[in-house]
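Please look at the sequence and the model first, then continue with the text below.

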Amino acid sequence: MDTSVFGPQRPPIVDVYTTPGANTWTNRVGCVVVEVIAIGGASGGGSGRRGAAGSARYGGGGGGGGSFCDKTYRASDLGATEAVTVGAGGAGGAAIGVNDTDGAPGTNGGYSQFGTSTTLLLRARGAYGGGGGTAAAGAAGIADYNKYSVSGNGSASSVAATPSSGDIGRGNGAGGGGGGGIDAANVHRAGGNGGYELWSQTGAAAGGAVAGGAGTAGPSKTDQSPGPGGGGGGGHDDGAGGDGGNGGLYGGGGGGGGASFNGFASGKGGDGAQGIVVVISWF
């Protein structure tokens, strides 16, 4: 590069925060522009219902993916230090070991944030947990919107032959696949595949190739883009339901747990992946 006009160029400094909870970023002398990328924590998938013979039993809904934000600031508008919060992933709903009991919902993911609650600069919302399976339907995760970002939905489970896969949302971490159900004739059904986001091409496979198979975990990402969701566990007509797969780093939703027959535990929901914050200082 010809530096006779512009002078030598200083490479940017990239700070990556992956420890859930409170962190601190320091503004550098000579910094001109600061870019912040944040992914919220994903939620866990719901567990499946443990039901009676002759009635439909649904697997849990897949957890939602953490939302994605990207914003640029003038360094002079920022403080000498700024608070950084990394959102934790939500735990999957616990397996059900009591007859005729609905599944447990997954835990919400935490938000990832740059700034404080009083001087908020950017917030990537965490996702709401996938619903537990019931005798009537497997609840979906809930989308949450605000002026900064939008989280992905978790997907509903199903007793249909092909349950819904996780949501696919541009810019959002992907939802986990719904857990597999069992129909009124005690026929087991596969879980749904985990959703994927735009950068990853594929989501995690479901665990429904065999009855009660566990869902596949979403693959982790190394480039700080949102991770794929975990696959949903298969329902079992004569055994334990399959566990949902865990979401992929960063911000991939956990898969829903599969439903089970009387006398066997249902599948637990997969855990949602934690979020991340990346701060790039340009000189």
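A residue is called buried when its relative accessible area is under 20%, exposed when over 50%, and partly exposed in between (1.4 Å probe, protein chains only). The model is predicted, so local features need pLDDT of at least 70 and side-chain atom pairs count only at pLDDT 80 or more, while totals for chains, interfaces and linings use all residues. Residues are numbered from 1 along each chain as its sequence is written, and side-chain values use heavy atoms, with hydrogens and water left out.

**The loop residue Thr216**

With a relative accessibility of 37%, Thr216 counts as partly exposed. Thr216 belongs to the loop between strand 7 and strand 8. Strands (E, at least two residues) and helices (H or I, at least four) are DSSP runs, numbered from the N terminus. Residues up to four places away in sequence being left aside, Thr216 touches Ala204, Ala205, Ala206, Gly230, Gly231 and Gly245, where contact means heavy atoms within 4.5 Å. A separation of 9.9 Å lies between the C-alpha atoms of Thr216 and Gly177, which are 39 residues apart along the chain.

**Arg123 in strand 7**

Strand 7 covers residues 120–124 and includes Arg123. The relative accessibility of Arg123 is 17%, so Arg123 counts as buried. The side chain of Arg123 makes a polar contact of 2.5 Å with that of Gln113. Such a contact is a pair of N or O atoms within 3.5 Å; within protein, one must be able to donate a hydrogen and the other to accept it, and residues adjacent in sequence count only if both atoms are side-chain atoms.

Four strands form an open sheet in the order 1-8-3-4, with antiparallel pairing. Strand 1 (13–17) and strand 4 (68–74) are the edge strands, each pairing on one side only. From one strand to the next, the twist averages 15°, with axes fitted as lines to C-alpha atoms (for helices, over the stretch in contact) and angles running from 0 to 180 degrees between N-to-C directions. Two strands pair if DSSP finds at least two bridges between them.

Strand 8 spans residues 276–282 and pairs with strand 1 in the antiparallel sense over five bridges. Strand 3 (residues 33–39) also runs antiparallel to strand 8, joined by seven bridges.

| Residue | Partner in strand 8 |
|---|---|
| Val14 | Ile280 |

Strand 8 is largely enclosed by the rest of the structure, because six of its seven residues are buried.
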